[in-house]
Amino acid sequence: MKPQLTKIVYKNKYFSIGLENGYYSLIPKYQDVLILPIVDKNKFLLIKAKRKLLKKSLYEFPAGGFEIKKERPIKAAKREFVEETGIDISENKFFKLGNFFQIPNRIKSQIYIYGVNILSSDVKKKFKSDEIESVTIKSLKQIINLTKKGKFCTAVPCAAMLSLLIRKNKIKF
């Protein structure tokens with residue numbers, strides 16, 4: 001059987017809905033990038049992001065969108081990190097952690113995951129923006145407690161953290 005091309009059945013300035021072989025998919029206009037900031041080698045920088053749809057703020061890692069035809073993922077990681085933390089770190093300080101699918105049954109594209117090592121002295125604790133309520137440094141134990149309380153609960157940041165812990169042999173099987 002010859003594969004069928006995706007037919008666009010709906011489109012707006014943010015995304016399209018595609019239909020392929022009787023299956024609907026979401027086709028975002030933008031790719032996504034997430035940055036996992038490691039502070040002083042053993043802590044993590046979290047943002048408290050305002051999530052209007054949920055009518056609350058959640059702890060997350062800095063992340064955002066970019067157009068793949070206009071910007072490289074590493075450049076997007078640096079730009080988003082500055083926009084969401086106020087910290088301007090050289091692009092060569094970022095390192096690739098991998099890619100993750102967010103909703104693989106509906107979105108084909110993957111999220112690019114980068115890490116960056118920073119010092120606590122780099123952190124602008126009073127940073128705020130329209131999207132960011134605050135930035136804060138947390139230990140792994142504190143992040144686990146936030147997860148238990150449902151305050152660090154978005155899928156890709158949790159997957160990125162788990163992946164990093166496995167790679168650093170912090171979790172053994």
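Phe15 is partly exposed, at 29% relative accessibility. Here buried means under 20% relative accessible area, exposed means over 50%, and partly exposed lies in between (1.4 Å probe, protein chains only). This is a predicted model, in which local features need pLDDT of at least 70 and side-chain atom pairs count only at pLDDT 80 or more, while totals for chains, interfaces and linings use all residues. Residues are numbered from 1 along each chain as its sequence is written, and side-chain values use heavy atoms, with hydrogens and water left out.

## Aromatic rings

A pair of aromatic rings is described by the distance of the centres and the angle of the planes. Rings of Phe, Tyr and Trp (its six-membered ring) pair if their centres lie within 6.5 Å; planes under 30 degrees apart count as stacked, over 60 as edge-to-face, and the rest as tilted. The whole structure holds four aromatic pairs. In one of them, the ring centres of Tyr10 and Phe15 are 6.1 Å apart and the planes are at 45 degrees, so this pair is tilted. Tyr10 is partly exposed, with a relative accessible area of 42%.

A ring can also have a charge over it. The test is that NZ of Lys or CZ of Arg is within 6 Å of the ring centre and within 35 degrees of the ring normal. The charged end of Lys96 sits over the ring of Tyr114, 5.2 Å from the ring centre.

## Strands side by side

Helices (H or I, at least four residues) and strands (E, at least two) are DSSP runs, numbered from the N terminus. Two strands pair if DSSP finds at least two bridges between them.

Start with strand E9. Seven of the nine residues in E9 are buried, so this strand is mostly covered. E4 and E9 run parallel and are joined by eight bridges. Within that pairing, Leu36 stands opposite Gly115 in E9. Strand E8 (residues 94-101) also pairs with E9, in the antiparallel sense, over seven bridges. There, Gly98 stands opposite Ile113 in E9.

E4 has another partner. Four bridges join E4 to E7, and these two run antiparallel. Leu34 has Ala63 as its bridge partner in E7. Which residues form the covered face of E7? They are Gly64 and Phe66, while Ala63 and Gly65 make up the uncovered face.

Strand E3 (residues 23-28) contains Ser25. Is Ser25 buried or exposed? At 14% relative accessibility, Ser25 counts as buried. Contact means heavy atoms within 4.5 Å. Not counting residues up to four places away in sequence, Ser25 touches Ser16, Ile17, Gly18 and Arg106.

## Two nonpolar cores

A nonpolar core is a set of buried Ala, Val, Leu, Ile, Met, Phe, Trp, Tyr and Cys residues joined through side-chain atoms within 4.5 Å. The largest one has 22 residues. Leu45, Phe81, Phe94 and Ile118 have the most contacts inside this core. Which elements give two or more residues to it? They are strand E4 (31-39), strand E5 (43-51), helix H1 (73-85), strand E9 (110-118) and strand E10 (132-139). A second, separate core has 18 residues, including Leu36, Tyr59, Ile111 and Leu146.

Phe81 has a list of contacts of its own. Leaving aside neighbours within four places in sequence, Phe81 is in contact with Ile35, Pro37, Leu45, Pro62, Gly86, Ile87, Ile89, Phe94, Val116 and Ile118.

## Salt bridges

Side chains of opposite charge can pair when their charged atoms come close. A salt bridge is a side-chain nitrogen of Lys or Arg within 4 Å of a carboxyl oxygen of Asp or Glu. How many does the whole structure hold? The search finds 10 salt bridges. The table lists some of them.

| Pair | N to O distance |
|---|---|
| Lys70 and Glu67 | 3.7 Å |
| Arg72 and Glu91 | 3.1 Å |
| Arg79 and Glu80 | 2.9 Å |

The pair of Glu91 and Arg72 links distant parts of the chain, 19 residues apart. Glu91 is in the loop between H1 and E8, and Arg72 is in the loop between strand E7 (63-66) and H1. Glu91 is partly exposed at 22% relative accessibility, and Arg72 is partly exposed at 46%.

Lys70 is exposed, with a relative accessible area of 67%.

Arg79 is partly exposed at 26% relative accessibility, whereas Glu80 is buried at 6%. Both belong to a network of salt bridges that links Glu71, Arg79, Glu80 and Glu83.
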